[in-house]
Amino acid sequence: MSDLIQLSKFGVTEFEAQHALDRLNVRDVDYADLYFESRTSESVSMEEGIVKRAAKSISQGVGVRATAGEKTGFAYSDELTKKDLEIAADTARYIANSPKGDSPVPVPTQQRPTRDLYPMEQAKAEVATAERVALLNEIDAEARRYDPRIKNVLASFNTEYKVVAVATSDGALVADIQPLSRLQITCIAEEGDNRQVGSFGGGGRVAFEFYREGGRHLDYAREAAREAILNLSAVDAPAGVMPVVLSGGWPGILLHEAIGHGLEADFNRKKTSAFSSLVGKRVASDVCTIVDDGTLPSRRGSLNMDDEGTPTSCTTLIEKGILRGYITDKLNARLMGIPLTGNGRRENYQSVVLPRMTNTFMLAGESDPQDIIRSVKKGLYAVSFGGGQVDITNGKFVFSASEAYLIEDGQITKPVKGATLIGNGPEILTKVSMVGHDLKLDNGIGTCGKDGQSVAVGVGLPPIKIDEITVGGTRS
Amino acid sequence: MAKKSLVPVETANGYAQLASEVLARAKTCGATEADIVVADGETLSVQVRVGAVDRLTKAREKRLGLRVFIGKRSATTSTSDFSHESLERLVADTCTLAGAVVEDTVSGLPDAAQMATDQPNLDLYDDTVLDTETQIDWAKRGEAAAFATDKRVTNSEGAEFDSSSGRVVLANSHGFVGSYKSSSFSLSVSPIATDSETGAMQRDAWYEVQRKFGRLASAESIGQEAAKRAVRRLGGRKASTKRVPVVFDPETAGSLLANLCGAVSGYGLYKRASFLLDKLGQTIASELITVYDDGRMVGGLGSRPFDGEGLATRKNTIVERGVLKSYLLDTYSGKKLGLPSTGNASRSVGESPSVGPTNFYLVPGTKSAQEIIGSVKDGLYITELIGFGINMVTGDYSRGAAGFWIENGELAYPVEEITIAGNLKQMLKDIEIVGSDLVFRGRITSPTLKISEMMVAGN
């Protein structure tokens, strides 16, 4: 929401903000900013058929930062008095032990973000707890109705309403309201001693109505139940190198882990990424074009502006297999002399800005999804995944399937138990031989962790075929 | 230089006073029971990279969490704003929220008679205040030692020295008030080694955390260990797909123990989401396995005098010679399972209690890591695990791994881009040797472990 937010929302005047920035105005400081944040998080959760828990948390504070060369000085405070701003500014300034700068700090001019990707009235973001409780009750009933073997339904609905304002030493004062919500469902199915789990969820920068639209919450409930029931009949997963077909949507976590993190500018400036010297080189087959796009309306990973006040953008990471560029924040763009992409993000006022992904996905190709399956004689078809992880430096990444099937003679056959897939980032996409024509974005459940900071992200993928990847099952 | 600080003693009393006011306010809003957590802390974090300061972070923070019960309905809230108006609003909001959820017959505070009566000093706090220059010096020396250890160490993700201290006050409507202070000092070093022929890079890290500054190992020893760990990974290759014995080093064995810890936690159990459901009193692991959770270990990284509900912490026997003796429980999950709390309520400020370990460790055996590796003819020594391929409901286990191939009892060459897979139920029973090398480096700690056989997937 891009209503004009005044700093007075945080109990601070523009003069006080300018005064703090002026204390940071010493000769060696290249850039400084103040990040004001006010966040209200609410959650309701249910288990055993009753909505037992409701929680609400409120936090407000300011993060004060100065950068000098490669150095960052950072301090934060949950008090927003003039004195606390001064103390924070003096701490942040410590990294640049230099005299007062010559040129004055400009008075911040209020600007609006250039777009409004999540228009929503405040009233619509604030929904009575009773309505959320009713939503969860319907989900519980639907999942149990799906199959009597569903013995427990764990469901939670979380919302966050965040108001941020960034005042920078280059004279900008820009603010945004960033709503975010997510519905998550886990079902446990039991049949004799066999117990299995299935999960599904979704969300975004959307209003509460989104979850009821066309019975979306009930679809989610049935999906979680379906996965749990399916896993009751899953056989052991195979072990070894084999072709793997990924279905569209959330399996795009492959891109996030295999290449996304490796293309974050900080690792490349420090030359600690397996992708450090590969710009302009082939890192994927020519059917692969991959972007990071923070400008998609209402998506979980989207933002009107990043946490440095830069408008988000759509950045081409890989174009027809060739590595084109990195995603950047101000510090790394400046030090590397490369374009600013609007990917400077932070979890909250207590954390520093890092280059982070927004929505990362592969563009659609030309293959018929059916043909992709038919082309595999013996392999794995992976539909849904749990988490993933990557070692940036050597490029090794993993991601774990939660719903997968064997492919035998071009046909999808038995469901298999979850297995971890492991590969090497700069190599794996060179083994992508087919890309489906139907790109799907995920439902809005992704949270990415880096340096202990969590931020909301999205991923997307058309169905793809990877000619070979190591599958970590138990059956030889 | 380190110097001693004078911490005003009024702080704990001040928070106790604040807590009692908020509790009284909750009562007038209709709360039948309530508890409150107040936590504050100070942190100074210094990151150095390739010999220069990279990032300096300094902060003070505080937070208050409130849980109210209106009969059998409850809600939890938190705020960092301690002003009178903000807290009044918080109390009102919490009571409104509690009114909106469903009655949960087992909810409520523990009985008044269960509250901790003693609050021993567990030596968790060190009043040493390090200045910025001292911390920068430690981080620089740690990183420099890594570079000096081996010329193949060519780059670095940096070295970080953190110091923090804080206070926790817990009070409830039974009249319980508890408080303790704790501190921590840590150094981590993350060097990058490069293979001069292939240009391939490997990163590894070493770290140490202590509650007392004086107990930290030298910056140099931490940097050297980090360098050795990064360099030894160079030249890693895939292994072939086969079933072999697997030795877990103490770090990765600790992650297996963390999986066991998750499986015996009361919340997973009553939700029927644990592979150790209904196994109390049964053999769940090899008879070599005895596991304790000890909340009162002096100076322990997981120690605390009382738990997140105000119950005294204690030493619980979780597994004794392979037999599951106790779950980890708080009041709520205990009631759901018909058992008393084990004093393992863990509490983050804004949330209702959950269950957490204190100092959860596996009792060491007699064999050294060298002897254990020596017992393997053809197998795998694991030093790193990545990913989240663990299904806590079924125990199915499949994770990315790196380490060394063992040939005739010796570490032959580094391996990477492989997975190990099995089922935790079986893996716990297949533990064939428990090492003697238990060192308390975190809350969950294990010595080296050998599992007789697992599926390794590679080429």
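Hi everyone, let's start where the two chains meet: the contact takes 65 residues from chain A and 60 residues from chain B. Two residues count as in contact if their C-beta atoms, placed from the backbone, lie within 7 Å. On the side of chain A that touches chain B, strand β2 (residues 50-68) gives the most, with 12 residues. By class, that side of chain A has 23 nonpolar, 28 polar and 14 charged residues. Here Ala, Val, Leu, Ile, Met, Phe, Trp, Tyr, Cys and Pro are nonpolar, Asp, Glu, Lys and Arg are charged, and the others, Gly among them, are polar.

Before going on, a word on what you are looking at. This is a predicted model, where local features need pLDDT of at least 70 and side-chain atom pairs count only at pLDDT 80 or more, while totals for chains, interfaces and linings use all residues. Residues are numbered from 1 along each chain as its sequence is written, and chains are lettered from A and ligands numbered from 1 in the order in which they are written. Helices (H or I, at least four residues) and strands (E, at least two) are DSSP runs, numbered from the N terminus.

Back to the contact between the chains. β2(A) pairs with strand β4 (residues 73-79) of chain B in the parallel sense, over four bridges; strands pair if DSSP finds at least two bridges between them. Within this pairing, Ile58(A) stands opposite Thr79(B) in β4(B).

How confident is the predictor? The complex gets an ipTM of 0.91 and a pTM of 0.94. pLDDT is the predictor's confidence in each residue, from 0 to 100, and chain B averages 94, with 97% of the residues at 70 or above. Over residues 1-10 of chain B, though, the pLDDT is below 50, and beyond near neighbours in sequence this stretch has 12 contacts in the model.

Now chain A as a whole. Chain A has 11 helices and 23 strands, and its C-alpha trace spans about 75 × 55 × 35 Å along its principal axes. Of its 476 residues, 61% are buried. Buried means that 20 or more other C-beta atoms lie within 10 Å of a residue's own; exposed means 12 or fewer, and partly exposed is in between, with C-beta atoms placed from the backbone. Among contacts in chain A with a separation of 6 or more, 76% join residues 24 or more positions apart.

Let's zoom in on strand β7 (residues 194-204) of chain A. Eight of its 11 residues are buried, so this strand is largely enclosed by the rest of the structure. Strand β6 (residues 172-191) of chain A pairs with β7(A) in the antiparallel sense over 11 bridges, and Ile188(A) has Val197(A) as its bridge partner. The two strands form a hairpin with two residues between them, and Gly192(A) in the turn has a positive phi of about 60°.

Another covered strand is β18 (residues 420-424) of chain A, with four of its five residues buried. Strand β16 (residues 396-408) of chain A runs antiparallel to β18(A), joined by five bridges, and Phe399(A) is partnered with Leu421(A). β18(A) also pairs with strand β23 (residues 464-472) of chain A, antiparallel over three bridges, with Thr420(A) opposite Gly472(A).

Last, two backbone details. Lys271(A) is not a glycine, yet has a positive phi, near 55°; this residue is found in the loop between α8 (265-269) and β9 (290-293) of chain A. Glu417(B) also has a positive phi near 55°, and lies in strand β19 (residues 410-423) of chain B. Is Glu417(B) buried or exposed? Glu417(B) is buried, with 26 other C-beta atoms within 10 Å.
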